[in-house]
Amino acid sequence: MRANAGIVNDTTLIAIRLIARGEEIRFDYSTTMSQDTWTLECRCRAASCRGIVQNFEELPQWLQRRYLTLGIVQNFIRSLFETGTGVPPVSVPGVMRVWWV
């Protein structure tokens with residue numbers, strides 16, 4: 001599954017890329033989960049799907065950094081990474097751009 005949306009400020013769903021008319025809106029549920037034993041089998045059937053929804057900490061580090069840089073990780077998870085409990089985010093200069101369709 002390739003996310004085209006994400007949650008900012010813990011409650012607002014935003015587009016992280018252009019979303020075509022009629023395209024399904026998808027966000028990575030793992031950006032809302034941390035230090036939990038609950039998992040979910042993903043059935044989106046996308047070729048790039050991990051197959052399981054699991055804790056943010058279980059995501060590959062490059063994907064964690066991407067989501068942290070985009071600002072689409074729940075604040076309680078972000079705070080773990082900012083306090084050194086998780087992998088530190090990579091700061092990327094520039095402005096995050098969000099397009100609504």
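## Helix H1 and its cover

The buried residues of helix H1 (61-70) are covered in part by helix H2 (75-82), where helices are DSSP runs of H or I with at least four residues, numbered from the N terminus. This is a predicted model, in which local features need pLDDT of at least 70 and side-chain atom pairs count only at pLDDT 80 or more, while totals for chains, interfaces and linings use all residues. Residues are numbered from 1 along each chain as its sequence is written, and side-chain values use heavy atoms, with hydrogens and water left out.

In H1, the residues Leu-63, Gln-64, Tyr-67, Leu-68 and Leu-70 are buried, a word that means under 20% relative accessible area, with exposed over 50% and partly exposed in between (1.4 Å probe, protein chains only). Seen down the axis of H1, these buried residues fall within an arc of 165 degrees, so they line one face of the helix; the arc is taken from the directions from the helix axis to the C-beta atoms.

## The nonpolar core

The largest nonpolar core has 15 residues, and Phe-56 and Tyr-67 are among those with the most contacts inside it. Such a core is a set of buried Ala, Val, Leu, Ile, Met, Phe, Trp, Tyr and Cys residues joined through side-chain atoms within 4.5 Å. The largest share of this core, four residues, comes from H1.

Leaving aside neighbours within four places in sequence, Phe-56 is in contact (heavy atoms within 4.5 Å) with residues including Gln-64, Tyr-67, Leu-68, Ile-77 and Phe-81.

How values were computed:
Helix = DSSP H or I, 4+ residues; strand = E, 2+ residues; numbered from the N terminus.
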